[in-house]
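Thanks for coming, everyone. Let me put the structure up, and then I'll walk through it.

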Amino acid sequence: MASVLIIDDEQSIRRSLSEILSYEKYTTATAENAVVALKILEDKDFDAVLCDIKMPEMDGIEALPKILEKKPDTPVIMLSGHGNIDTAVEAIKLGAFDFIEKPVDLNRLLITLKNALDKTNLITEAKVLKKKVSKKYQIIGESAPLKKIKDMIDKVAPTEARVLITGANGSGKELVAHQIHEKSTRNKAPFVEVNCAAIPSELIESELFGHEKGSFTSAHKQRKGKFELASEGTLFLDEIGDMSLSAQAKVLRALQENKITRVGGDKDIKVHPRVIAATNKNIEEEIKAKRFREDLYHRLSVILIQVPSLNERKDDIPLLAKHFIEQVCLEMGVPEKKIDDSALKELQKIDWTGNIREFRNVIERLIILGQQTITKEDILAFTKHSK
Ligand SMILES: Nc1ncnc2c1ncn2[C@@H]1O[C@H](COP(=O)(O)OP(=O)(O)OP(=O)(O)O)[C@@H](O)[C@H]1O
Ligand SMILES: [Mg+2]
């Protein structure tokens, strides 16, 4: 049942609107002035608000921004007296959903309310959806080193700057890349991922830049490359430290000139993806050893994000443990297990060379093998501590 707050200084109007709406299966609350209404809104949510414009003390125009400040997503429908259209239009400009002229026409009221509620539902749906997506790539942790990373993501994401993410195996580089994309203005466009280590060097060029039909034996069809596919979105070059020198030279050109040529093609194609790269290699050493081009490094690392290892942020272990227990139990469809403080302390003593990935695996094992409440004994029995 949808709820409506009615704000009007005239008792007869409050009463009749309330009766009509109750009859139409709305729940209602009333307020005789804006001050009372704002108080009510402090601890109650409504699906819509009906607000009179002409009221003594605080009128509707003055009240509207205050209502919206408290409840930005709640549609407010203004009730305007006859000949008060200019004010009603002003209210719309201030963010009112719509206005209805007095005396209130029943049909018009019900239709306007229905429209308003449809809009609310849409907003809520969009929000739920957004939450779902970002939950998958949520970065858990409140430790100082991790907060620094989150701050950086928030600052860098809305810009077009290229980002190089470094960090040990399983430390969360991919997660950082996804977050940057999600928090950027390109988040409606694709996030295109290339694992540079997994693609044989003969194929990487066609993978990145595409190819024309017949350009090599197995090129039966023309195919777009990742640079083109990501042109409106984000191109994530994962494991860039493993890319061959010849591919590096081509990527460098694409980044410098914002254009590519498909393999076997002769025309230049303009591309402008936002590029994020990641590696677990020490790039400076790679440069010294002449395995990585220094000029490419400078192109890629406008912003450098160094993801800390789990050993550097053991303060996050309790939060991470709870997060993964919840996640794993949900995935397995088993009741959620608990973990006691002695177990958390024990987990903090472990040397997590495989970082968060290893940590999650251990939690999974503890959920399968441990007691309903995971204790220190479980940790000693089922982790590398016991060796
Ligand atoms: N801060 C975090 N909060 C929650 N989950 C995390 C966090 N960091 C990493 N993870 C999870 O740990 C796993 C490994 O993370 P990810 O794949 O991003 O690591 P990576 O640095 O790219 O590793 P690799 O170098 O091996 O490719 C993923 O399942 C990821 O969701
Ligand atoms: Mg990775």
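**Backbone, sheet, charges, pocket**

At 60% relative accessibility, Lys25 counts as exposed; the cut-offs are under 20% relative accessible area for buried, over 50% for exposed and partly exposed in between, with a 1.4 Å probe and protein chains only. Before I go on, this is a predicted model: local features need pLDDT of at least 70, side-chain atom pairs count only at pLDDT 80 or more, and totals for chains, interfaces and linings use all residues. Residues are numbered from 1 along each chain as its sequence is written, chains are lettered from A and ligands numbered from 1 in the order in which they are written, and side-chain values use heavy atoms, with hydrogens and water left out.

Back to Lys25. Its phi is positive, about 70°, although Lys25 is not a glycine. Lys25 is found in the loop between H1 and E2. Helices here are DSSP runs of H or I with at least four residues, strands are runs of E with at least two, and numbering starts at the N terminus. Asn258 also has a positive phi, near 55°. Asn258 sits in the loop between helix H10 (245-257) and E11. At 36% relative accessibility, Asn258 counts as partly exposed. Most residues other than glycine have a negative phi, and most peptide bonds are trans. Lys102 and Pro103 are joined by a cis peptide bond, with omega about -5°. Pro103 lies in the loop between E5 and H5.

Now the sheet. In what order do the 5 strands run? The order is E2-E1-E3-E4-E5, in an open sheet with parallel pairing; two strands pair if DSSP finds at least two bridges between them. E2 (27-31) and E5 (98-101) stand at the edges with a single partner strand each, so one side of each has no neighbour in the sheet. Neighbouring strands are turned by 20° against each other on average, direction ignored. E4 (residues 76-80) and E5 pair over 4 bridges. Leu79 has Ile100 in E5 as its bridge partner.

Helix H1 (residues 11-23) packs on the sheet, touching E1, E2, E3 and E4. Contact means heavy atoms within 4.5 Å. The direction of H1 makes about 170° with that of E2. Axes are lines fitted to C-alpha atoms, for helices over the stretch in contact, and angles run from 0 to 180 degrees between N-to-C directions. Helix H3 (residues 60-70) also packs on the sheet, at about 175° to E4.

Next, charges. A search of the whole structure finds 25 salt bridges, each a side-chain nitrogen of Lys or Arg within 4 Å of a carboxyl oxygen of Asp or Glu. Arg186 pairs with Glu160, the closest N and O atoms being 2.7 Å apart. That pair links distant parts of the chain, 26 residues apart. Arg186 is buried at 10% relative accessible area, while Glu160 is partly exposed at 47%. Arg262 forms a salt bridge with Glu212, closest N and O atoms 3.1 Å apart. Arg262 and Glu212 are both buried. Arg253, Glu257, Lys259 and Asp268 are linked in a network of salt bridges.

Last, the largest pocket. What is its volume? About 720 Å³. It is lined by 32 residues, and Gly170, Gly172, Glu174, Leu175 and Arg357 lie nearest its centre. A pocket, on a 1 Å grid over the protein atoms alone, is an open set of points where a 1.4 Å probe fits, with protein on both sides within 12 Å along at least five of seven lines; lining residues have an atom within 4 Å of a point. Grid points are joined across faces, edges and corners, and the volume is the space filled by probe spheres set on the points.
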